[in-house]
Structures are given as C-alpha cells and as structure tokens.
Amino acid sequence: MPLPLFSLMLVVFSLTTGEFVIAGILPDTATGLSVSVPAAGLLVTAYAIGMIIGGPLVTLATARVARKPLIAGLIGVSVLGNLGSALAPSYPLALVARFVAGLVVATFFAVALAAAIAMAPAGRHASTVAKVTMGLNLGIVLGTPIGTLIGHHLGWRATFGAVAALSIIALLLVLRFVPAQPTPAAASIRGELRALADRDVWLAITLTALGNLGIVTVFTYITPLLTQVSGFSSETIPALLLFYGAGAIAGNLLGGRLADKALLPSLVGLLITLAAALGLAWLASPVKPLMAALTLVLGVLAFAIIPGMQTRVITAASAAPTLAVAVNAAGFQLAAAVAGWLGGQVITSGLGPRWIYPLAALLTIAGLGIALHTLRGDRRTAETRS
C-alpha cells in the first residue's frame with residue numbers, strides 16, 4: 001500500500017479503535033468514573049452524537065480549508081478528545097471529551113476519502129477507498145481487542161492514551177507523506193449545500209443507510225444470535241467474531257475491485273447475495289457448522305458493499321463531495337442507532353432474536369430497491385446522452 005494511503009488508513013484505524021474499544025472496557029470505565037454501567041454506556045452515545053452533529057457543521061465550517069492542513073487539524077482535535085477521555089477527572093468531563101472526539105470523525109472521513117481519490121489512478125477510485133476504509137475493519141478486528149487488553153492490564157485510561165498516541169504517530173505520517181492538495185475550486189459553503197441538495201446524492205446516502213441497516217442490526221445482536229439461537233458457547237464468540245472480521249477485510253478489498261469494474265451492477269449483485277445469506281442464516285441458525293461458515297460470509301458481504309456505496313456518494317456529489325460524504329458517515333451512525341432499537345423491538349415483541357435475520361433480509365431488499373432504481377436512472381441518462 002502506498003505510504004500516503006497507509007497514513008490515512010492508520011488514522012481511520014485509530015479513530016475506529018477509539019470509537020469501539022469502549023465496549024471492551026465499559027465496566028472498568030464505569031468503576032473508574034464511579035457511575036453505573038448504563039451511565040458509562042452514554043459515553044458511546046456522546047461520541048455518536050458528536051459524529052452526527054459534527055458531520056455537517058464541521059464540514060461546512062471548514063469548506064474552504066486546504067485538505068492537508070484540514071486533515072492534520074481534525075486529527076489534532078481527535079487527539080485532544082482521546083487525551084481528555086484518558087485524563088477526565090469526572091464523568092461529565094468524560095462525556096464532553098467523548099463528544100469532542102466524535103465531533104470531527106465524519107468530516108475526517110469525508111476529507112480523507114476525497115484526498116485519497118485525488119491521488120488515485122483513473123478507474124481505481126473504489127479500490128482506493130477500500131484501502132483507506134480497511135482501517136475500519138482492522139480497528140474492529142485488531143484495535144478493539146488490543147485496546148481492551150491494554151485497559152485490562154494498565155487501566156481504562158491507558159486505552160484512550162494509547163489511541164491518542166497512535167493518532168499522533170498517524171498525524172506525523174500524514175504530515176510527511178500525504179501530498180498537499182489545493183482547496184477544490186468549487187469548495188464553498190454554497191457549493192457544498194448545492195451538491196447536497198442533488199436528488200442523486202440523497203439517493204446515494206439513502207442507499208448507504210438502508211442497504212447497511214439490516215446487516216448492522218445483525219452485527220449489533222450477533223452475540224445473542226450465536227449463543228441463544230445457534231447454541232454456541234460464550235467462549236467461542238471471540239473466534240467467531242474473528243471469522244467475521246477476517247471476512248470483513250476480504251470483503252472490503254473485494255468490494256473495491258468489483259466497484260471499480262461496475263459500481264452499481266456490483267452493488268446490486270452484492271445486496272442480492274447479502275439478502276439471500278441473511279435468509280439462509282434464518283433457516284440454518286440452529287446448525288452450528290453452517291452458522292460458523294455464514295458468519296464469515298456475512299462479514300465478507302457486510303463490508304463488500306461499503307466501498308461502492310462510498311464511491312457512489314462521492315461521484316454523485318463530484319463537484320463538492322465533502323459535505324455529502326460527511327452526512328453519509330453521520331447517517332451511518334444514525335442507522336446504527338436505529339439498528340439497536342429495531343433489534344430490541346424484535347426481541348421484546350416475543351418473536352425472539354432469530355427473527356432479526358428475516359427483518360435484516362427485508363431491509364437489505366429495500367436497499368436493493370434503491371440500488372436498482374439508481375441503476376435504471378443512470379442507464380436512462382446514458383441512453384439520452386447517446
């Protein structure tokens with residue numbers, strides 16, 4: 001991987017680790033801040049709210065800043081947020097620190113992807129996006145367990161300190177290897193808002209939110225699905241999650257290559273396959289060997305759809321893509337919040353967790369409908385121009 005892309009990927013890795021690692025150190029954090037575990041869980045909510053609010057606001061406020069200094073500044077704010085999390089003497093200050101850490105994440109993703117695509121060869125945009133977003137996969141698969149291990153041995157504050165230190169290393173690499181890029185000529189608050197108002201951009205953002213909602217719901221409840229429905233012991237869950245993570249890494253690279261060849265047709269095919277796999281998981285959930293294999297398959301498909309969806313947003317808002325990508329990232333966080341609620345409704349309704357699978361399949365089919373509609377629109381436009 002070229003060093004500029006590796007530098008951006010390392011930042012994504014540190015941001016993702018900082019977001020998800022709290023799940024592994026939540027009881028320790030609650031004890032350290034003298035609050036209940038549910039109260040400590042609001043630290044996750046504060047981070048997500050920061051992303052949702054910060055996505056559009058920070059992006060608009062920095063619309064005319066050149067990409068490299070903007071990326072460096074955003075990383076700096078993230079470092080301060082994680083250092084604040086590590087040093088916070090009280091629960092309210094910890095909430096503020098988590099909010100600050102999340103505030104710049106959506107804008108960073110948007111600017112980093114735009115910078116990466118500007119460096120990409122023609123016809124390699126989606127695979128370039130996949131290389132940067134691989135940091136997401138590695139943050140979940142490697143960063144979260146390593147951060148949890150640090151927290152268990154050195155204390156929960158050390159975990160956030162380690163995330164901040166890694167972000168500083170990534171910042172130094174960005175400053176050294178990512179080339180300076182001028183502010184795009186169209187960059188302005190008005191230009192960003194005009195691009196965001198485009199119907200095709202909102203279709204692309206809706207595709208991301210709806211197309212991911214089903215599989216995110218499954219992942220949110222993957223532990224009860226594997227233990228209560230499929231009968232796996234709790235001791236086997238880390239290995240199964242490793243399967244999922246390994247599939248995610250492979251899927252991310254596969255999805256980038258497929259999207260480079262045929263973006264929307266590949267997304268249609270992947271969403272059909274994902275819906276079928278979720279339906280199969282519903283039928284085969286009591287069969288352990290099949291579910292172990294399907295856990296890997298679901299990891300592949302869950303992340304294979306992401307590079308194409310991100311690239312679609314960027315191409316739909318090509319004149320001023322930064323705000324659209326930031327809103328897309330914030331929308332994904334909102335979808336994750338809805339996923340937690342949806343899965344809980346299924347379980348408390350009396351149907352049981354197994355019925356999350358068909359719900360997820362139906363949501364994926366709804367996303368497929370958006371993809372097909374978009375594909376037909378593109379083809380009509382191409383026919384009109386020819």
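Helix H4 (residues 67-87) packs against helix H5 (residues 91-103) at an angle of about 160 degrees, and their axes lie 8 Å apart. This comes from a predicted model. Its mean pLDDT is 86, and 95% of the residues reach 70 or more.

**Helix pair H4 and H5**

- Two packed helices are described by the angle between their axes and the distance between the axes.
- H4 and H5 count as roughly antiparallel because their angle is about 160 degrees, and angles over 145 degrees fall in that class.
- The crossing of H4 past H5 is left-handed.
- On the H4 side, the contact is made by Val-77, Gly-81, Asn-82, Gly-84 and Ser-85.
- On the H5 side, Ala-97, Arg-98, Val-100 and Ala-101 make the contact.

**Ser-34, in a loop**

- Ser-34 sits in the loop that runs between helix H2 (22-33) and helix H3 (37-61).
- Its phi is near 60 degrees, which is a positive value in a residue other than glycine.
- Ser-34 counts as exposed because its relative accessibility is 67%, and the cut-off for exposed is over 50%.

**Thr-364, in helix H16**

- Thr-364 belongs to helix H16 (residues 356-385).
- The relative accessible area of Thr-364 is 0%, so the residue is buried.
- Leaving aside residues up to four places away in sequence, Thr-364 touches Gly-211, Gly-214, Leu-271, Leu-274, Ala-275 and Leu-278.

**Ala-114, in helix H6**

- Ala-114 is part of helix H6 (residues 105-119).
- Ala-114 counts as buried because its relative accessibility is 9%, and buried means under 20%.
- Ala-114 and Leu-193 are 79 residues apart along the chain, and 17 Å separates their C-alpha atoms.

**Confidence**

- Among the elements of the protein, helix H13 (residues 263-284) has the highest mean pLDDT, at 95.
- The lowest mean pLDDT, 68, belongs to helix H9 (residues 189-196).
- Where pLDDT is low, the predicted coordinates should not be read in detail.

How values were computed:
Residues numbered from 1 in each chain as written. Predicted model: local features only at pLDDT ≥ 70, side-chain atom pairs only at ≥ 80, totals over all residues. Heavy atoms only, no water. Helix = DSSP H or I, 4+ residues; strand = E, 2+ residues; numbered from the N terminus. Buried < 20%, exposed > 50% of the residue type's maximum accessible area, 1.4 Å probe, protein only. Contact = heavy atoms within 4.5 Å. Axes fitted to C-alpha atoms, helices over the stretch in contact; angles between N-to-C directions. Parallel < 35°, antiparallel > 145°, perpendicular 65-115°, else oblique. Left-handed = near helix turned anticlockwise from the far one by under 90°. pLDDT = per-residue confidence, 0-100.
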